Amino acid sequence: MTALAAHLYAGVALTDSFCIRPFDHLSLNLDGTVQLCCRAHQPIADGSRPFSLATDAYADVWNSPYMRRVRQDLLSGRQIPDCVACYSHERTMGTSLRIESNAAWLDRQPAAERAAALSRLKATSEAAAHVMESPPRTLHLWFGSHCNLQCRMCSAEFSTRIAADKVHRSWHPRSSAEPPRPTRFTDAETWSDSETVVFGEVLREVDELEAIAFAGGEPLLQRQIEPLLEFLIARGRAPSMRLFISTNGTIVRESLMEKLARFGTVVLALSVDGVGPLNDYIRYPARWDALVSNLGAMRRWPGIRLRVDPTVQAYNILGLADLLRFCDAEGLEVSLSNILLAPAYLGISALPGPCLRVARERLEGYVRSSPVRNAGLVQGVLAHLSTLPVPEQPALLGDFMTFTNDLDASRGQRLRDAAPDLVRLIEEGGFPWTASRRFVPTEVVP
């Protein structure tokens with residue numbers, strides 16, 4: 001989809017700020033805070049105090065003054081600070097989660113009613129002072145940080161393994177803020193373990209619910225997933241619901257797959273960042289042969305779609321074309337919407353000119369020989385590459401080298417082994433690889 005879709009899709013005019021998500025969606029975070037969506041800049045707040053499911057009722061957050069103001073602003077054509085990530089992606093890539101969500105919303109409207117969908121929503125919302133009578137129809141649930149991997153671009157916030165690793169967590173720590181203690185339920189320590197919150201509030205009006213996205217940690221390791229699926233199946237909701245699960249592909253449990261197969265639409269979005277050693281390097285301690293075997297096991301279940309969702313970053317930009325060719329050969333869908341923006345020293349913007357030039361050449365070569373369905377995806381990445389390098393690139397590269405050296409030493413890995421072209425091109429750009437480290441060997445204790 002091009003930048004034109006920011007204001008026109010299927011013949012329907014949309015403003016450059018409008019997003020359907022605050023009208024039908026919430027993202028519930030690990031710590032109990034709530035966001036407009038997974039890309040939102042900050043949690044929903046009451047003044048300076050973030051709402052939390054530990055202290056605030058789900059319904060009160062959904063129709064809080066904050067949410068009503070956001071709905072009013074979006075319908076009035078005003079951009080909001082929470083949506084800066086999407087606005088940034090649109091400037092560099094021509095698309096965003098906002099645009100994709102709007103398109104999906106319009107696609108779900110009857111064709112004859114599509115042209116009037118936005119004006120109808122605006123009239124209904126204004127008449128109710130922007131209070132939504134129905135609960136969110138789609139949810140993004142972050143149930144826990146339990147994970148079996150230590151992906152280089154992840155943090156202690158989202159991986160228990162990183163939280164236990166002295167070196168990695170020093171670079172990517174948890175949020176400094178302690179989540180509030182529960183004051184309105186007593187059956188658990190966290191909202192995600194509380195049946196009062198999960199089943200009594202979030203899923204109370206389950207007949208209104210259309211879709212759930214699960215994130216983590218590794219969602220397929222979260223203990224809450226199977227009971228929730230069982231609840232939806234027992235209530236008869238499975239055949240009409242859509243599920244989206246962001247998974248690292250290392251977990252295949254028969255009992256879980258059997259439940260997933262009973263839902264109307266299931267997308268397993270596989271976090272795969274490269275082919276062979278490169279993926280294992282980034283998503284430590286994953287093993288490529290085990291991942292490929294799991295792909296075969298997942299394919300046995302009818303109705304479950306597999307989609308590869310790499311995190312496009314400094315480590316894999318040169319190998320992205322190889323990953324796309326692997327997906328083509330395996331008949332796998334691909335999404336390239338997740339371009340890493342933070343931490344900036346792991347983003348493509350940290351790389352010098354020779355790396356960017358070769359990355360463009362390889363992706364352009366892929367486009368010339370690729371299936372039409374994937375060629376358009378690459379254009380967004382190429383558009384992003386055209387905005388680089390940035391003035392702060394040398395400083396970012398210095399941090400990239402130090403971070404890489406620290407993790408390489410603590411894990412017994414070498415970037416030169418996993419991505420030799422990347423190191424060579426960095427050095428050709430006039431940046432000899434340094435031995436800079438934060439941790440000396442005696443301090444490296446995972």
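Predicted model: local features only at pLDDT ≥ 70, side-chain atom pairs only at ≥ 80, totals over all residues.

Student: Core first. Which residues touch the most other members of the largest nonpolar core?
Tutor: Phe18, Leu260, Ile317, Leu363, Leu385 and Phe400. That core has 129 residues.

Student: Take Leu363. What is it in contact with, leaving aside neighbours within four places in sequence?
Tutor: Ile317, Leu320, Ala321, Leu324, Val378, Val381, Leu382 and Leu385. Ile317 and Leu385 are also on the list of residues touching the most other core members.

Student: Which ones are buried?
Tutor: Ile225, Glu226, Leu228, Leu229, Phe231, Leu232 and Ile233.

Student: And what covers them?
Tutor: The cover includes strand 7 (138–142), strand 8 (211–215) and strand 9 (242–247). Helix 9 (195–202) and helix 11 (254–260) contribute too.

Student: What follows helix 10?
Tutor: Gly236, with a positive phi near 75°.

Student: Now the sheet. What's the strand order?
Tutor: 4-3-7-8-9-10-11-12. It's an open sheet of 8 strands with mixed pairing. Strand 4 (34–35) and strand 12 (333–334) are at the edges. Each has a single partner strand, so one side of each lacks a neighbour in the sheet.

Student: How do strands 10 and 11 run, parallel or antiparallel?
Tutor: Parallel, with 5 bridges joining strand 10 (265–270) to strand 11 (304–308).

Student: Which residue in strand 11 is the bridge partner of Ala269?
Tutor: Arg307.

Conventions
Residues numbered from 1 in each chain as written. Heavy atoms only, no water. Core = buried A, V, L, I, M, F, W, Y, C linked by side-chain atoms within 4.5 Å. Buried < 20%, exposed > 50% of the residue type's maximum accessible area, 1.4 Å probe, protein only. Contact = heavy atoms within 4.5 Å. Helix = DSSP H or I, 4+ residues; strand = E, 2+ residues; numbered from the N terminus. Pairing = 2+ DSSP bridges.
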